[in-house]
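Colleague: Before we discuss the charged side chains, could you put the structure up and say how it should be read?

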Amino acid sequence: MQGKKNFTPQLFVSVNLLDLVPADNFYRKLLTELDLSFIYKATKKYYGKEGQESIDPVVFFKILLVGYLNNINSDRQLIAFCSDSLSIRLFLGYDVHEQLPWHSTISRTRSLYGEEVFLSLFKEVLKMCVNKGMVRGKRQAVDSVFIKANASMDSLVEKEVLEDASAFVNELEENSEFKTTSTRKKLVEQHHAWKEEAYKGMPNATGKDKVDEFGNIIRPKYVSNHTHYSPTDSDARVSVKPGKARQLNYFGQIAVDDAHHVITGACSDFADKRDSQCLEQIVELTEENLNENDIELEELLADGGYSSGEALAYLHQKNINAYIPNFGQYKPEREGFTFNKEENYYQCTKPEGNQAKLLFKGEKTDSKGYTKRTYRSSESDCKHCPLREQCCGKSTKFKKIDDSIHKEHYDRMHQKLTQNEKYAKKMSRIRSKTVEPVIGTLVNFTNMKRVNTRGIKNTNKHVLMASLTYNLKKYLRFTIKKPSVLAQVIALKQGKCFTFVKSVFEDFKNSIVSYSDFRILYFN
């Protein structure tokens, strides 16, 4: 006989969440593994002794974890998702009849807590991973990713300084070396040329936003961080990825241990910076996190974007063995010239040349902010040289060579990468297979594609939460594998581990390893 189910809500029902949620549920495992009691002490200073009770700080962080675990970017959607799940209600400590906190409470509490609270939670999860044997610490791979800001390109407004060319130049002078009259004149001309090109074809162009016949704002042809900013999020910066349109972003920096791909350092920075400018911050954070767990940072792997004289000098000073390819403009040698390090000059070695000396003429900073050492020959030495036009150019009567003030650090890195080329290539492969999959997972599955808050401090909290959630998922899935008998015997032979002696002989008695194999491996 065909059955038919009729649903009639009952007035009183006795329900126990422990009976409804399976024992092997993910959130029940997470509830038993993760102890967040230290959060109460860490957040105590943010509350007074009177007034209405706030949301439980532990509940707040548990709700955030649910959002990052399920890739939910909206606080409103997050609360709706938590309310609809029995396992999550058990994880949060809310019974079926209890109402969860309002979504705006999540936003306000996130802004209330300082970055150090989120960092302490990240360190706690990292400590759990270390105690489980998931972090080796020998080698860390570093990479970056753009995180979309919670602001639109349509929110950009022109900086007021562009209304006055002289004020524009004065602002540049505050942060640069440009103080000569010729440079001021050049900058003013560039400013006027930019405005003429940016607002080309617009009637009555005055440098302000224009409106077309339909009421839409007409933006300039080119926008940059020097000319525009977003009042919606003043910390967001205009940046561009290859093949994609410009947008407002933040910069996420991630350091990953190569043993089991655990994130050991995470932070955010402004998107108009270069990777090399962010290297010091991420290394300091990673080193601090590892040192707190009695682990030393030995090797650092990064791509060519992290190569700069300042970055290499910093790593050399910290005595960190880094493998970072030099950027494309680096030249290990100058063709036709040799450098005399003791007397600090270049010597022409071309057989047909006049063997001129290029003497050190001082240091100068170029338009891009790079400080270089200048070496130059005298006009009399190169005047009658048969190779003058080929070497110096048609309009120049002397030879000039510019070297970075950090050339010694570039040379040291180049020597390291070329002397042991096979090992350097291996490090490059390890870097790509270690950190790049982690960043892909963070962006696509752990809510780091876009930040739902505003400001650099809140973005840093966002990056820390996404990273610790990634580590937490790996921690719950990680199982400690017992070494094979063969590996145990080899370890005994090499004298690296004596704790396997008992298990090896037990396995030998059980005929897991034959006597001949044991004798060959151990006694030979």
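This is a predicted model: local features need pLDDT of at least 70, side-chain atom pairs count only at pLDDT 80 or more; totals for chains, interfaces and linings use all residues.

Modeller: Residues are numbered from 1 along each chain as its sequence is written, and side-chain values use heavy atoms, with hydrogens and water left out.

Colleague: How many salt bridges does a search of the whole structure find?

Modeller: A salt bridge is taken as a side-chain nitrogen of Lys or Arg within 4 Å of a carboxyl oxygen of Asp or Glu. With that criterion, the search of the whole structure gives a total of 18.

Colleague: Which residue forms a salt bridge with Glu299?

Modeller: Glu299 lies in strand 9 (residues 299–301), and its partner, 160 residues apart from it, lies in strand 1 (residues 139–148). Both residues are buried, that is, under 20% relative accessible area with a 1.4 Å probe and protein chains only. The closest N and O atoms are 2.8 Å apart, and the partner is Arg139.

Colleague: Which side chain does Asp403 join in a polar contact of 3.0 Å?

Modeller: Asp403, in strand 15 (residues 400–404), counts as buried because its relative accessibility is 5%. A polar contact is a pair of N or O atoms within 3.5 Å; within protein, one must be able to donate a hydrogen and the other to accept it, and residues adjacent in sequence count only if both atoms are side-chain atoms. The side chain that Asp403 joins in this way belongs to Arg334.

Definitions and conventions: Helices (H or I, at least four residues) and strands (E, at least two) are DSSP runs, numbered from the N terminus. Buried means under 20% relative accessible area, exposed over 50%, partly exposed in between (1.4 Å probe, protein chains only).
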